[in-house]
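Me: Could you walk me through this model with a few questions and answers? I would like to start from its pockets.

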Amino acid sequence: MRIDIITVLPELLSPLQHSIVKRAVDKGVAEIHVHDLRQFGIGNYKQVDDYPYGGGGGMVLKPEPLSDCLEMLLKERAYDEIIYLTPDGITLNQKAVNTLSLKNNICLICGHYKGIDQRIRDEYVTLEISIGDYVLSGGEQAAVILTDAIIRILPGAIGDEMSALSDSFQDNLLAPPVYTKPEIWKDRKVPEVLLSGNHKAIDEWRLEQALEITRNKRPDLL
Ligand code: 6GU
């Protein structure tokens, strides 16, 4: 899978150079290509934003640099989705992540300041995604979150193939508790069943725990 990301602040995407996403990219499971919108800026000052028509605070990303960047990318390949990250998009959840993980090419546009000129949304954007009902300074952090969520479930991204499938939300259940050594810590003992070696009993216990935790914390998921 290939993910292109258009941004005015490429440095904010640095979390993608670490951990599971980095390993997946190194293994060839996914490609991430970051495009600095400034390189498509207008004039000597490489202008990428301007004041909003009609007044009001903040700056708006101009259409030409974004369209120049998108047209350059579209010359090389078609995209399954061109996604604009915006608080007024559809709220991201695991189901949407799973669907996107099946695509070959997606392009993410990170807005900044007040957002991007509406005409870019009308002309190019096929999907608008928010990561929750709160406002961030820009779409970059959202792009990092979306990219991480997609790449970590790609086959081969996580060593133990099973472990992404047992994540919270993958079956509409929150994940059961996990324990590691030592067996006793501050008088707190690891649940006996996990030490039993009885995998059927362990699976049953984990499912019971997942159901109970989901009932208590997120009954809306059931
Ligand atoms: Cl995708 N962008 C911004 N700027 N704020 C957000 C968001 C996205 N999702 C939630 N808040």
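Reply: Gladly! The lining of the second largest pocket comprises 11 nonpolar, nine polar and three charged residues. In this count, Ala, Val, Leu, Ile, Met, Phe, Trp, Tyr, Cys and Pro are nonpolar, Asp, Glu, Lys and Arg are charged, and the others, Gly among them, are polar. This is a predicted model, where local features need pLDDT of at least 70 and side-chain atom pairs pLDDT 80 or more, while totals for chains, interfaces and linings use all residues. Residues are numbered from 1 along each chain as its sequence is written, and side-chain values use heavy atoms, without hydrogens and water.

Me: Which element gives the most to the lining of the second largest pocket?

Reply: Two elements give two or more residues each to that lining, β5 (81–91) and β7 (127–130). Strands here are DSSP runs of E with at least two residues, and helices are runs of H or I with at least four, numbered from the N terminus. With five residues, the top contributor is β5.

Me: What volume does the largest pocket have?

Reply: A pocket is an open set of points on a 1 Å grid over the protein atoms alone, where a 1.4 Å probe fits and protein lies on both sides within 12 Å along at least five of seven lines; lining residues have an atom within 4 Å of a point. Points are joined across faces, edges and corners, and the volume is the space filled by probe spheres set on them. For the largest pocket this comes to about 400 Å³.

Me: Which element provides the largest share of the lining of the largest pocket?

Reply: The lining has 16 residues, with S166, D167, D171, P176 and R206 nearest the centre. Both α6 (161–165) and α7 give two or more residues to this lining. The largest share, four residues, comes from α7.

Me: Is L222 buried or exposed?

Reply: L222 sits in the segment after α7 (199–217). Buried means under 20% relative accessible area, exposed over 50%, and partly exposed in between (1.4 Å probe, protein chains only). At 53%, L222 is exposed.

Me: How far apart in space are R38 and M1, C-alpha to C-alpha?

Reply: R38 belongs to the loop between β2 (31–36) and β3 (49–50). Its relative accessible area is 34%, so R38 is partly exposed. R38 and M1 are 37 residues apart in sequence, and their C-alpha separation in space is 26 Å.
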